[in-house]
Amino acid sequence: MMPRDDPQIESLISRMTIEEKAGQLTILADAVRPCNPDINPEANARGAKDMLEQIRLGNVGSLFNGVGAAVGLEAQRVAVEETRLGIPLIFASDVIHGMWTIFPIPLGESASFDPDLAERTARATAVEATASGIHWTFAPMVDVARDQRWGRVAESSGEDVHLGVKMAVARIRGFHGSDLKAQDSLLATPKHFAAYGAVTAGMEYNFVDISEPELRDIHLPAFKASFEAGALTVMSAFNDIAGVPSSGNKWLLTDLLRHEWGFKGFVVSDYTADWELIDHGFAADERDAARVAFTAGLDMSMQSGLYVQHLPSLVAKGEVSMDMVDERVRRVLSVKKAAGLLENPYKSLDPKLEAQTETHRSEHEALAREAGKKSIVLLKNDDNILPLKKSGQRVALIGPFASDQDDLEGCWTVYGNKHRAISVETGLRDALSDPSSLTVVQGCDIEAPIEAGIEEAVAVAEKSDVVLLAIGEPAVYSGESQSRTQIVIPDAQQALADAVAATGTPVVILLRTGRALALAGAVRDAQAILVTWFLGTQTGSAVSDVLFGDYNPSGRLPVSFPMDPGQQPFFYNQPRTGRPQGDGPRTFKASWREVPNKALYPFGHGLSYTDFNFGVVELSTDELCWDQSLEIKAKISNVGNRSGETVAQLYIHDQVATRVRPVRELKGFQKLLLEPGETKTVSFILRRDDLAFHGADAKLRAEPGNFSIWVAPSCVSGEAATVKLLASPQTHAAAGC
């Protein structure tokens, strides 16, 4: 229970009717200032006049996915001046990876392995969003995405727990800023609680059937870290966990979140997730769904309107206590107060600040370009075909994404401005000494051939020194409700790639994607491959910076690129089996007939235009006492002729445990810049807690024994050192603990 020590909040609660309390626990789509994004199915739709009346009646306490400070100011005036108690609205929105300036999709940005960058892009997003009349964003998404068929991989930080934690915390800090009450502070909402990334077969909204230890080891750490970083709201997930829907899961929303973790904020449902308990077969009807969700711990109902419709009667008949309702309202009002809204209801609703939007965009373009180029991953660079020269080369840019403006921003861009985004063609022409040395041919549509498209592309390729093939997924392949069974290049684009490659002209793939893809044929065999994700507003400039060597690529894969779609779900930190394939024969080993049990390009992989050497791992001790810290060092050298950045990745493996452990687990990373010939020593600290895991009983424990330690450029490279974790007082004494 939250303390009842705030006189202002307690006074409001004591004077509220049950209908007004239900209103504070309801969030509806903003019909007063709609931006009309096609991102949700229609439900409980209302017009602007009706919505203003609902505000006057106290039937709604929050609105989402509207925009505009001036109109928001009027809606807030109605809430403050024309309602009985004058409780302000809180305006929310899906601001995922940029407001007006669009930054790389979260998956792409995570490829930077740069939490500081993520914090800065989130801060810029907060500045633009709050200037446009938004207090609260439904981001970051902190689900761990281990199945690339799932469409929402694009919104995640990838398949790794540690990387996901670091990026989540950075984004929350960026959204919040230094003062939650400041005009430019944007409340963050980690989502989706919980295990949404584990939906079976990667199918959106599907069921999740995992053990509690796996839930705690993989899918919960980013949420816990987010709350420790100051997140005050969390969004429930659509999926069930072991047959209990998250939005009606008392163990998840109350026992774990409140009693075990001590979370003081509030839980908001995903869009109509409380109503969907009926289709789950977990509630009999709308009234029952409201009861189940509310008593489980779902504080705020999104869009369904079930709480306004049914909480009064549930309380009247004793099925829900008024004390429970008061507690939920207390949570919501406490967050509104923490955000400064009870003190300043018109926070972030200043038309003068909104008028500065153009200035904000201009200021943030350089950051968008930086984020774009740092997110690009160089998978392959045979014969050092890259970087290209800015003059003296005939360059062909071929593919449906060569001049495209519509698919630069990626999924989940409710706002943005496609016309301001820089296409690949524009970025290249701006960088070339002679723009006429670039020939652009579409070749095919995204999903279909075009008349004479391949013939024209082949003719241009034959006359060029190098082909840049701009292919991949459109934005609509990623995001909510966009799961795929075949995570491959569309057939029309694959045919284009095969035909162009047959000319013999060297091919560089510019791979636009919101997930790891299974590459095949001429795409897989191209001389060079750059993963360019969806980079946002500054796509063309960022791509040209990397192509021409103005920026040395430093991105690393946050997801494993499989050899075949049938390997899914595939992730680097899979548990050991009793019959590991290793490098030996396939028969009677954990493998497939068609491909080995490994990635085409593994987690953490990424090349540079220079070369790095990772030295031997040095440990401060080979026997670690129970409460001691282990220092891990390694020397890393730039042995090439260009300055460049690499990512030192710290992995561990628990060699023997009471629950089977992953083959490797990332426990730290450092990005470092090295000049040619320069050597730096990286240092990491590990403690017993870093070696812990949840056992079969779901209890957190570290177990004595041997651990392998790597400092490596990817999850499959490096030479291991070994440390032994000691436990008993006798061994402590023997080791000088």
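N249 is found in the loop between β7 (244-245) and α10 (250-260), where helices (H or I, at least four residues) and strands (E, at least two) are DSSP runs numbered from the N terminus. With a relative accessible area of 7%, N249 is buried; buried means under 20% relative accessible area, exposed over 50%, and partly exposed in between (1.4 Å probe, protein chains only). Leaving aside residues up to four places away in sequence, N249 touches V244, T254 and A296, contact meaning heavy atoms within 4.5 Å.

The model is predicted: local features need pLDDT of at least 70, side-chain atom pairs count only at pLDDT 80 or more, and totals for chains, interfaces and linings use all residues. Residues are numbered from 1 along each chain as its sequence is written, and side-chain values use heavy atoms, with hydrogens and water left out.

**Cysteines**

- A search of the whole structure finds zero disulfides, a disulfide being a pair of cysteine sulfur atoms within 2.5 Å.
- C35 is in no disulfide, and the nearest cysteine sulfur, that of C411, is 16 Å away.
- C411 is likewise in no disulfide, the sulfur of C35 being the nearest at 16 Å.
- C35 counts as partly exposed, at 21% relative accessibility, whereas C411 is buried, with a relative accessible area of 8%.
- In general, a disulfide is a covalent bond between the sulfur atoms of two cysteines.

**A five-stranded sheet**

- Five strands form an open sheet with mixed pairing, in the order β18-β26-β25-β20-β21; two strands pair if DSSP finds at least two bridges between them.
- The edges are held by β18 (623-624) and β21 (665-674); each has a single partner strand, so one side of each is left without a neighbour in the sheet.
- Strand β25 (residues 705-712) pairs with strand β26 (residues 721-725) in the antiparallel sense, over five bridges.
- The bridge partner of F707 is V723, in β26.

**Aromatic residues**

- The count comes to 17 aromatic pairs. Rings of Phe, Tyr and Trp (its six-membered ring) pair if their centres lie within 6.5 Å; planes under 30 degrees apart count as stacked, over 60 as edge-to-face and the rest as tilted.
- One of these pairs is formed by F64 and Y271, which are edge-to-face, with 6.2 Å centre to centre and 80° between the planes.
- This pair links distant parts of the chain, 207 residues apart: F64 lies in strand β2 (residues 62-64), and Y271 lies in the loop between β8 (266-268) and α11 (277-280).
- Both F64 and Y271 are buried.
- F64 and Y271 also belong to one aromatic cluster with W136, F138 and F266.

**Charges over rings**

- The charged end of R33 sits over the ring of F91, 4.2 Å from its centre. For a charge to sit over a ring, NZ of Lys or CZ of Arg is within 6 Å of the ring centre and within 35 degrees of the ring normal.
- The ring of F294 has the charged end of R328 over it, 4.4 Å from the ring centre.

**Salt bridges**

- There are 54 salt bridges, each a side-chain nitrogen of Lys or Arg within 4 Å of a carboxyl oxygen of Asp or Glu.
- In one of them, E81 joins R77, with the closest N and O atoms 3.6 Å apart.
- Helix α4 (residues 69-81) holds both E81 and R77, four residues apart, about one turn of the helix.
- E81 is exposed, with a relative accessible area of 52%, while R77 is partly exposed, with 24%.
- R120 forms a salt bridge with D116, the closest N and O atoms being 3.0 Å apart.
- R120 and D116 are separated by about one helical turn because they are four residues apart in helix α6 (residues 115-131).
- R120 counts as partly exposed at 29% relative accessibility, and D116 counts as partly exposed at 45%.
- R287 forms a salt bridge with E319, and their closest N and O atoms are 2.7 Å apart.
- That pair links distant parts of the chain, 32 residues apart, with R287 in helix α12 (residues 286-296) and E319 in the loop between α13 (306-316) and α14 (322-338).
- R287 is partly exposed, with a relative accessible area of 23%, and E319 counts as partly exposed at 35% relative accessibility.
- Salt bridges that share partners join E10, R258, D299, E327, R328, R330 and R331 into one network.
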